[in-house]
Amino acid sequence: MLASEDHLTRNSYYLATAATDLHFDPLEGSGSCDVCIVGGGFAGLSAAIDLRRAGLEVVVLEAMQVGWGASGRNGGQALAGLACDMSLVQRQLGKEAARAIWNMTVEAVELIHDRRREFAIDCQWQDGFIAAAIGPRKARDLHNWVEELERDYGYEGMRLIDGASVRQWIDTARYQALAFDPRGGHLHPLRYTQGLARAAAGLGARIHEHSRALRLERGATPTVHTQRGQLRCRHVLLAGNVYLEDLAPQLSKRIMPVGTFIAASAPLGADRARALIPSRAAVCDTQFVLDYFRLSADDRMLFGGRVSYSTVAPVRLAPAMRRRMLGVFPQLNDVPIDYSWGGYVDITMNRAPDFGRLDPNIYYLQGFSGHGLALSGLSGRLAAEAISATAARFDLFARMPHREFPGGQALRTPALILAMAWYRLRDLLG
């Protein structure tokens, strides 16, 4: 468990408003399966669903509870694209491959709709996503981005909003231009994760909570060891991101755990909430160190932002998040914060997702870099395809090169802090 993690989970709005009757027994004794999945979040559970449909015997090992990690604590915003700019993918893989990857990120959002409809998952889905630009340079970049998506990737239907019209969409003076995407949206991430778990279990996947994978024996028949049991399997899928710890040290060198935090206000009432964001769309600004926010189903403001590179949470998280919220919506000065929580996302050096294999029968999914709500679910499908049928789509992502963070465990955090300070300065100057 990362530093301060227990503190970050206790006061979660999602935890307070999700199911409490979902429990799976720990792994006990020795067993076997076709595929052992390490991690009970979006990626692992999505893979479990598709692997069961392919007729494979599947076991999911979750160190804590289903959705305990980033899948159950994130900002809830579902949108196409990657955390990195698509121009990076074009430079690395070429235009045709970049277009294919973009299309898969669109498919990732559609997969959420397919899952929630098929399995009747009550995850409080709301249509609409808004990218918000601060200042004239960011506004120009936003216009260019929308044009690029339509021209190079065939992604149509986004709406550019600027001038006096901005305040008709978000009641704040902070933004100069917006881009509205009707295909994006937001949901209750823990409810969605729990729905995936019920779906996977209903299809015959065995899920074990409180079953941290402590050791992985590699070979023709890998064995995964927990505190009270072990599993022999034909394939392993590592989908634990920053929580794999020492299970696969070569993977942890390529990602950095970065804390990100969210607060939920007291209920605003329907009229006041509607006045702030009439469309009820999710909003994320285009700063490198960004703010993101949305209205919950019960008309609270869920406001996220601020990051920590030391894996230590702010001591007074609620007041810190309230100040950020008031920086966008000063008219909420009379509204208290009811919940504040956070978690860790896995950032790669280039902010591109990192999918691949440690061995021919050991797959991994990591590096979503804060942009993984939709993509992580699709990544599970791609891994399932690679294990059960064809690896073409998985291998397209796996072709993206990744480097380890410089300086090892001792120096990578100070190096990242310096880099983030530079990006913050760029945001301020923009």
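Is Arg-272 buried, partly exposed or exposed, and what is its relative accessibility? Arg-272 counts as partly exposed, at 29% relative accessibility. This model is predicted.

## Salt bridges across the sequence

The model's salt bridges come to a count of 25. One of them joins Asp-334 to Arg-272, with the closest N and O atoms 2.7 Å apart. Asp-334 sits in the loop between helix H11 and E15, while Arg-272 is in helix H10, so the pair ties together parts that are 62 residues apart in sequence. Asp-334 is exposed, with a relative accessible area of 54%.

Arg-254 bridges to Asp-354, and their closest N and O atoms are 3.0 Å apart. Arg-254 lies in the loop between H9 and E11, and Asp-354 in strand E16, so this pair ties together parts that are 100 residues apart in sequence. Both Arg-254 and Asp-354 are buried.

Arg-212 and Glu-245 also meet in a salt bridge, at 3.9 Å from N to O. Arg-212 is partly exposed at 24%, and Glu-245 is partly exposed at 34%. Elsewhere, a network of salt bridges links Asp-50, Arg-115 and Arg-381.

## A covered strand

Strand E15 spans residues 337-347 and is mostly covered: 10 of its 11 residues are buried. E15 pairs with strand E11 in the antiparallel sense, over 10 bridges. Across this pairing, Ile-262 stands opposite Trp-341 in E15.

## Cysteines without a bond

The structure holds zero disulfides. For Cys-84, the nearest cysteine sulfur is that of Cys-284, 15 Å away. That is too far for a bond, because a disulfide needs the two sulfur atoms within 2.5 Å. Cys-84 is buried, at 8% relative accessible area. Cys-284 is buried too, at 13%.

Technical notes. Residues are numbered from 1 along each chain as its sequence is written. This is a predicted model: local features need pLDDT of at least 70, side-chain atom pairs count only at pLDDT 80 or more; totals for chains, interfaces and linings use all residues. Side-chain values use heavy atoms; hydrogens and water are left out. Buried means under 20% relative accessible area, exposed over 50%, partly exposed in between (1.4 Å probe, protein chains only). Helices (H or I, at least four residues) and strands (E, at least two) are DSSP runs, numbered from the N terminus. Two strands pair if DSSP finds at least two bridges between them. A salt bridge is a side-chain nitrogen of Lys or Arg within 4 Å of a carboxyl oxygen of Asp or Glu.
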